Amino acid sequence: MRERFGENGLILFLAPLIILFLLFLTIPVASLFLRISPAAFIESLGNPVVLDALLLSLGTATLSTAIVILMGTPLSYLNARTTYPGKEVVDTLTDLPIVMPPAVAGIALLMAFGRRGVIGEYLDMFGLQIAFTTLAVILAQVFVASPFYIRQARASFEAVDRTFEDAARTLGAGRLRVFFRVTVPIAWSGLVSGAILTFARALGEFGATIMFAGNFQGRTQTMPLAIYTTMQGDLNDAISLAIILVIISFGVILLVKYITRRPI
Amino acid sequence: MKRIALSTCILSLVMIAALLFAGCTDSGLVGETPPTTLTVFCAASLTGAFTDIAQAYEDKNPDVNIDLVFDGTQALRTQIEQGASPDIFVSANTKHMDALKAAGFMENQTVFFFLENGMAVIIPAENSAGITRLSDLAKPGVKLVIGTKDVPFGSYTRQVLDKMAADPRYGQEYKDAVMANVISEETAVSSVVPKLMLGEADAAFVYKSDVQPGDRDKVIQIEIPEEYNVVARYPLGILAESDQVGASEEFIGHVTGPEGNAILVKYGFDPIEQTV
């Protein structure tokens, strides 16, 4: 009896916390939808600023995610499977963008790839300029979003039971074949969710982009920048863009949850 | 045991309620303690000047704190419309101040123009693009930074270019060529000058006042002749919701007084003579 009451008490105590927290997350998102009429929303969709930003954002975030997967997977696998001197330092380095304020990332990228930057200076001699181009948008996204994939990929590779890999090896499969036919399928859900997190972070990137890539419609003005810019003029456009961004993010995450739930 | 569980949960509910309501009473406590805190929302172009003016005022009046918030005028207007309640609003153009006046956010009779500003073109001191005249801005490959059309300095820039386009000496092609050179449209002047000084941009349209006294050797300023230039008049005023009208008026008096004006002039503004 006492035990029972204690449990009820616990529920009574925790329920408000849970409800309150869910409300706290839901109300601001719902408010976006309540503050604009459907007609005004559709009208905003016709604004070229909105479409340009949407296309640019989807394109750059997809490319950035692909680059992160291509360049981050070998490193994650290496860190999951081997030890070498300085591994902790490498690990810390790849995690660093998570704790760096995006503004710091923006300045750092400018110092490196700007026209007078450490590397940019030499690129400039060949007439190659990165700052204020779409390439700069992608670099900024890769920089700030890569840790999400790399961390997740490393953890997923570590969780793969090595006896499966060893079995495949003894059956005569080459290293690359084992990696793609055994390791990746087992680590699949972790890899996908890491890639999605990176995609979502790249989609939301603002601070580093506005500092390093500037703000130009169709070239560097991604959705977060367009939201910030249109807020100076037409609030309806800003809200519409925000709604689209929320829907995309929600849909992508939900989709991934379904994909990764399927047993492999 | 029963008691403890029950009281714990009542206590936690009370704490949650307290947390919820804490947010609603934040403004009630300010003002009863002697040091007065004035919150001033201020157009980004005034960053240097108002920082100095507020410092000087605080030095003279130790019981007053001036909290300055700098941002693009439009961003500040949106914040006020969405519930921010500063004591004083200093706007970089008439449009946004008028909108706030019309919507009842301002104490309308306190609003007046206190300074003038104009546009200028700035280029980094090393001038790698070789810009010496306004006509050079139309050269292909020049990297130009301006404001978005909705922020005051961006709309003034377009007005200047329109005036030049109307003059056959420059023409519409000039305006088109200049606009084609724009690599970034910024939302506040405060983010333009750093981009220029880093050498990322070759030129920018900014306010005459945007070159801070300390940066005059790093930036070259090209004047825009009066016939093409626009006069930006800055209004300021006290918010309708401010409960510190007296203290606000005293601070505004300081801004428009000889000491404040001297600082404004130092930063490149033209204070408007007040006839009271």
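How many helices and how many strands does the secondary structure of chain B come to?

Reply: The secondary structure of chain B comprises 9 helices and 11 strands, where helices (H or I, at least four residues) and strands (E, at least two) are DSSP runs numbered from the N terminus. Before going further, please keep in mind that this is a predicted model, in which local features need pLDDT of at least 70 and side-chain atom pairs count only at pLDDT 80 or more, while totals for chains, interfaces and linings use all residues. Residues are numbered from 1 along each chain as its sequence is written, chains are lettered from A and ligands numbered from 1 in the order in which they are written, and side-chain values use heavy atoms, with hydrogens and water left out.

The model has an ipTM of 0.72 and a pTM of 0.75. For chain B, the mean pLDDT (the predictor's confidence in each residue, from 0 to 100) is 85, and 87% of the residues reach at least 70. Among the elements of this chain, strand β3(B) (residues 88-90) has the highest mean value, 96, whereas helix α1(B) (residues 2-22) has the lowest, 54. Over residues 23-32 of chain B the score stays under 50, and the model gives this stretch 0 contacts beyond four places in sequence, a contact being heavy atoms within 4.5 Å.

Contacts also say something about the chain as a whole: of those in chain B with a separation of 6 or more, 78% are between residues 24 or more positions apart. Chain B has 276 residues, of which 49% count as buried, that is, under 20% relative accessible area, with exposed meaning over 50% and partly exposed in between (1.4 Å probe, protein chains only).

A nonpolar core is a set of buried Ala, Val, Leu, Ile, Met, Phe, Trp, Tyr and Cys residues joined through side-chain atoms within 4.5 Å. The largest such core has 81 residues, and among those with the most contacts inside it are L46(B), F50(B), F114(B), L137(B) and F205(B). A second, separate core of 18 residues includes V49(A), V50(A), L203(A) and L241(A). To return to chain B, and leaving aside residues up to four places away in sequence, L137(B) touches several residues, including V121(B), I131(B), Y174(B), N181(B) and F205(B).

Searching the whole structure gives 2 cavities of 30 Å³ or more; a cavity is a set of points, on a 1 Å grid over the protein atoms alone, where a 1.4 Å probe fits but cannot get out, and lining residues have an atom within 4 Å of a point. The largest cavity has a volume of about 70 Å³, a volume being the space filled by probe spheres set on the points, which are joined across faces, edges and corners. It is lined by 14 residues, and A44(B), G72(B), T73(B), F153(B) and V189(B) are the closest to its centre.

One last detail concerns the backbone. Most residues other than glycine have a negative phi. N127(B), although not a glycine, has a positive phi of about 45°. This residue sits in the loop between β5(B) (119-124) and β6(B) (144-147), and N127(B) is buried, with a relative accessible area of 17%.

Definitions and conventions:
On a 1 Å grid over the protein atoms alone, a cavity is a set of points where a 1.4 Å probe fits but cannot get out, and a pocket is an open set with protein on both sides within 12 Å along at least five of seven lines; lining residues have an atom within 4 Å of a point.
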